[in-house]
Amino acid sequence: TRLVPSGKNGYVRGCACGGEAVEEAVRLTRIHTGHDKIVIHEGCYHGKWEETCVGRGPPYGLVNQKGIPKHIRDNVIIVPYNKPEAAEAAFKTGEIACIILQGNAPYTKDYIKTLRELTTKYGVVLLMDEVVSGFRYAVDGAQGYYGVTPDLTTLGKIIGGGAPTGAVTGPKELLQYYEL
């Protein structure tokens with residue numbers, strides 16, 4: 001809560017790994033917003049979870065599909081990097097719980113700042129997956145590098161010195177739903 005901007009004056013909840021942290025964080029955003037759909041960027045990796053692995057390889061949304069039910073795939077919207085108009089089009093539907101950013105992906109600072117404005121405007125949770133980037137870009141992670149504070153942050157084994165662990169950190173208004 002002292003180092004990660006989204007965790008200041010908030011909570012930290014531990015879990016088994018970074019992938020589980022992403023799953024827990026998405027669940028928190030769904031409870032908070034009442035929406036089921038999530039937005040991810042093409043090619044990003046957020047663990048092996050069914051909903052986040054559908055956007056891993058090109059052609060995006062068409063590979064990594066076997067064994068994942070259609071109703072789950074339908075909850076995921078895949079957008080290209082650095083195209084705020086694509087993210088905004090998804091947000092305008094009023095069905096989005098969160099957008100997940102991979103901290104070490106090739107975003108521009110302007111894009112991240114625009115996403116912060118758009119998520120605030122549309123009531124979408126900005127979730128920064130810092131499983132890889134946490135404490136590596138800067139002491140305050142990629143969010144410090146980009147100069148934007150997300151609503152929630154996920155962290156992985158970096159917090160355990162390489163041991164298998166993970167965490168979700170953010171404000172009390174979102175973390176209050178943890179394990180409901």
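## A bridge between β2 and the α4–β4 loop

Lys37 and Glu95 form a salt bridge, with their closest N and O atoms 3.4 Å apart. Lys37 sits in strand β2, and Glu95 sits in the loop between α4 and β4, so the pair ties together parts that are 58 residues apart in sequence. This is a predicted model.

Both partners are partly exposed. Lys37 counts as such because its relative accessibility is 23%. Glu95 has 37% relative accessibility and is likewise partly exposed.

## Other salt bridges

The whole structure holds 5 salt bridges. Another of them joins the side chains of Lys121 and Glu88, at 3.9 Å from N to O. Here, too, distant parts of the chain are linked: Lys121 belongs to helix α5 and Glu88 to helix α4, 33 residues apart. Lys121 is exposed, at 59% relative accessibility.

Arg27 and Glu24 also pair through their side chains, with an N to O distance of 3.5 Å. Why do Arg27 and Glu24 lie about one helical turn apart? They are 3 residues apart in helix α1, so about one turn separates them. In general, an α-helix has 3.6 residues a turn, so residues three or four places apart point the same way. Is each partner buried or exposed, or in between? Arg27 is partly exposed at 45% relative accessibility. Glu24 is buried, at 17%; the cut-off for buried is under 20%.

## Nonpolar cores

The largest nonpolar core has 24 residues. Val26, Ile100 and Leu152 have the most contacts inside this core. Five elements each supply at least two of its residues: α1 (18–33), β2 (37–41), β4 (96–102), β5 (125–129) and α7 (172–175). Helix α1 gives the largest share, 5 residues.

## Helix α5

Helix α5 covers residues 109–122, 14 residues in total. From its first C-alpha to its last, α5 reaches 20 Å, close to the 20 Å expected at 1.5 Å a residue. Just after α5 comes Gly123, which takes a positive phi of about 70 degrees.

Which residues of α5 are buried? They are Tyr111, Ile112, Leu115, Arg116, Leu118 and Thr119.

## A nonpolar surface patch

What makes up the nonpolar surface patch of about 330 Å²? The patch is made by Leu3, Phe135, Val139 and Ile159. Leu3 lies in the segment before β1 (11–15). Its relative accessibility is 43%, so Leu3 counts as partly exposed.

## His41 in strand β2

Strand β2 contains His41. This residue has 0% relative accessibility, so His41 counts as buried. Lys37, also in β2, is partly exposed at 23%.

How far apart are the C-alpha atoms of His41 and Tyr177? They are separated by 26 Å. Along the chain, His41 and Tyr177 are 136 residues apart.

Note on methods:
Residues are numbered from 1 along each chain as its sequence is written. This is a predicted model: local features need pLDDT of at least 70, side-chain atom pairs count only at pLDDT 80 or more; totals for chains, interfaces and linings use all residues. Side-chain values use heavy atoms; hydrogens and water are left out. A nonpolar core is a set of buried Ala, Val, Leu, Ile, Met, Phe, Trp, Tyr and Cys residues joined through side-chain atoms within 4.5 Å. Buried means under 20% relative accessible area, exposed over 50%, partly exposed in between (1.4 Å probe, protein chains only). Helices (H or I, at least four residues) and strands (E, at least two) are DSSP runs, numbered from the N terminus. Patches are made of residues with over 30% relative accessible area and no salt bridge: like charges are joined within 9 Å, nonpolar side chains (Val, Leu, Ile, Met, Phe, Trp, Tyr) within 5 Å. Accessible areas come from the Shrake-Rupley method with a 1.4 Å probe; for residues, only the protein chains shown count as cover. A salt bridge is a side-chain nitrogen of Lys or Arg within 4 Å of a carboxyl oxygen of Asp or Glu. The expected span of a helix is 1.5 Å times one less than its number of residues.
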